[in-house]
Amino acid sequence: MGAPIWEYGDTSGHVPGAELVGFKAEASDGHIGKIDKHSEDVGRSYIVVDTGPWIFGRRVLLPAGLVSRIDVENETVHLSATKAEIKASPDLESGKYAEEDLPFMHLIEQYYANRHM
């Protein structure tokens, strides 16, 4: 753990301590839901997005490194992943994994670190 994928980028506009819960989440190709939770743990920062009806109410965990820009004025977090990439991501709600489960975090890291754009 501790890979750059788990850290907010220098140009993302992230301010430590900022509350992102309730912000809209926008993939690179459109709206995907609202932020339900976020973590600023050193070396393991992430957001959890509730996708609502878009993918059957699924919640997805996204590493902070996918946050390309935070628009505080419009309460929107822009991501550097497509809807299809997010939809195909490992399932947080399967009952097999939990947010703080180390094997799940490794699975997420591998999924996003090895994507072909």
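Everything here comes from a predicted model, in which local features need pLDDT of at least 70 and side-chain atom pairs count only at pLDDT 80 or more, while totals for chains, interfaces and linings use all residues. Residues are numbered from 1 along each chain as its sequence is written, and side-chain values use heavy atoms, with hydrogens and water left out.

**View 1. Helix α2 and its buried side.** Helices (H or I, at least four residues) and strands (E, at least two) are DSSP runs, numbered from the N terminus. The 12 residues of α2 reach 16 Å from first C-alpha to last, close to the expected 16 Å. Look for Phe-104, Met-105, Ile-108, Glu-109 and Tyr-112, which are buried (under 20% relative accessible area with a 1.4 Å probe, protein chains only; exposed is over 50%, and partly exposed in between). These residues cover an arc of only 140 degrees around the axis, which puts them on the same side of α2; the arc is that of the directions from the helix axis to the C-beta atoms. An α-helix has 3.6 residues a turn, so residues three or four places apart point the same way.

**View 2. Where α2 meets its neighbours.** The buried residues of α2 pack against β3, β4 and α1 (83-87), with contact meaning heavy atoms within 4.5 Å. Helix α2 (residues 102-113) lies across β3 (46-50) and β4, at about 70 degrees to β4. For such angles, axes are lines fitted to C-alpha atoms, for helices over the stretch in contact, and the angles run from 0 to 180 degrees between N-to-C directions.

View 3. Rings of Phe, Tyr and Trp (its six-membered ring) pair if their centres lie within 6.5 Å; planes under 30 degrees apart count as stacked, over 60 as edge-to-face and the rest as tilted. This rule gives one aromatic pair. Tyr-111 and Tyr-112 have ring centres 4.8 Å apart and planes at 85 degrees, so the pair is edge-to-face. Tyr-111 is partly exposed at 25% relative accessible area, whereas Tyr-112 is buried at 3%.

View 4. Six strands line up as β4-β3-β2-β1-β6-β5, with mixed pairing; two strands pair if DSSP finds at least two bridges between them. Strands β4 (59-63) and β5 each have a single partner strand, so one side of each is left without a neighbour in the sheet. β5 (residues 67-71) and β6 (residues 76-79) pair in the antiparallel sense over four bridges, and Arg-69 has His-78 as its bridge partner.

Note on methods: The expected span of a helix is 1.5 Å times one less than its number of residues.
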